[in-house]
Amino acid sequence: MGKAKTQPSDLASPIIETLRSSENGKSMDLKELRKSVLIAANLLSDGSEDIDKSSKKLFKEAVKFLEKDEKISLNADGVVKLSKTERSKTTTETKKESEIDEDSEKKKKKKKKDGKRKRELVDDDADGDDYDNENNKKDKKVKKKKKSSRKESENHADNHVDTHDQAEVDNDDEEEGDEHPNNPDESAGEKYTTGEVEPANKNKPCKNNPLGITRLFLGNLPFTVSEPTLNAHLNDTITHIKWITDKTTGKFYGSAFVEVRNSKDAAKAMKEINGSLLMGRPIKINYAPMRPGEEKDWPPKSKVITGGKVANAGGGQAGGKGLKAMSVKPEGCCKLFIGNLSYDIDDEGITKFFMGVESEIKAVRWLYHKESGDFKGCGYVDFWNTEACEKAATLNGKNLLGRPIRIDWAE
């Protein structure tokens, strides 16, 4: 039998999910939405710009279907928005996922406590049996002898445990003690602080990471995520980040490569953080082993890089354009430099541009040549808080009046 033909209703769910995972979680430009949805439905190859008429028609009918169902709306500016009902569903689902995670964690802890109590009861029963009468004294001595012999045998085996089994023991010790990764792992004899690891132990094979990989690929990241936010989510184990952006437009793809302190941190991220919610989005984590020839470029010289080759200059936040990536974000930054602007830009135009990501401008200052008084095509924009500033920075490389805007942090 041939493959079933795609129907407009088949695109309804991808349209809703794509809008939910957009920059502001509720709206997208019609053309951008169409491209993302068709790629997700395997009707358009990633990176291709040529969309056939049948796919366009299919998408158009799906949009009409959802409009009729009052799940989305399309305004005159070509922006598709989720209805209030669908937006509230997103919030409800996020809360449910969070509650499920909490319940799962509570069940694990309860199971662990029950197991400990059970072992204590068994030990108490064994002690009681030994003191029931004097006739059992001989049995007690035999038991002690066997127990002593068993301990010696286990100690002997521990001394010859292989690398993989030793890593399992170390990992179990970490889970029973303080879960914060910055604390020294005394059981393994490794002592390090954030960002400092003994080279000999960095790529040591361990449980769930037999190859000792320390580079991870992160996908489905929020478009407004910053280096401090991502590092905090991974328990402050990140030493280097490479944001993945479009080479031409500088648009952030919502994914990144990160280097963590050691193989155990990578394994823990895969086991405990993969699928967790970051700013409302479930992130995807995979091991990213080194390819031939990458050893000289990874980890990069700068802690944070954006776009271009691996060894390019640094950028502090998701977004950037090739070699002109953003610099490291100053703490609490509320000001941006904006350049490569059209000479037709004005206060109203730049205000509307940044309101597209819900970033309200506090003040704007244009730069002019001292002698001629001509506009330089650049300026500075102040925002009311650092969160709005971060959102605005994600527009780095976006087209404004026909030109890709250049954005960077400013003191």
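This briefing covers backbone geometry and strand pairing in one protein model. The model is predicted. Most residues other than glycine have a negative phi, and most peptide bonds are trans.

**Cis peptide bond**
- W298 and P299 are joined by a cis peptide bond, with omega about -5°.
- P299 sits in the loop that runs between β9 (284-287) and β10 (304-306).

- N235 is not a glycine, yet its phi is positive, near 60°.
- The loop between α8 (227-233) and β5 (238-245) holds N235.
- N235 counts as partly exposed because its relative accessibility is 30%, which falls between the 20% and 50% cut-offs.
- N340 also has a positive phi, near 55°, and is a residue other than glycine.
- N340 belongs to the loop between β11 (335-339) and α10 (347-355).
- The relative accessible area of N340 is 33%, so N340 is partly exposed.

- Strand β3 (residues 79-82) has V80 and L82 on its covered face. V79 and K81 lie on the uncovered face.
- Strand β1 (residues 27-29) pairs with β3 in the antiparallel sense, over three bridges. D29 has V79 of β3 as its bridge partner.
- Strand β2 (residues 72-74) is also antiparallel to β3, over three bridges. I72 stands opposite L82 of β3.
- The hairpin of β2 and β3 has four residues between the strands. G78 takes a positive phi there, near 80°.

Technical notes. Residues numbered from 1 in each chain as written. Predicted model: local features only at pLDDT ≥ 70, side-chain atom pairs only at ≥ 80, totals over all residues. Heavy atoms only, no water. Helix = DSSP H or I, 4+ residues; strand = E, 2+ residues; numbered from the N terminus. Buried < 20%, exposed > 50% of the residue type's maximum accessible area, 1.4 Å probe, protein only. Pairing = 2+ DSSP bridges.
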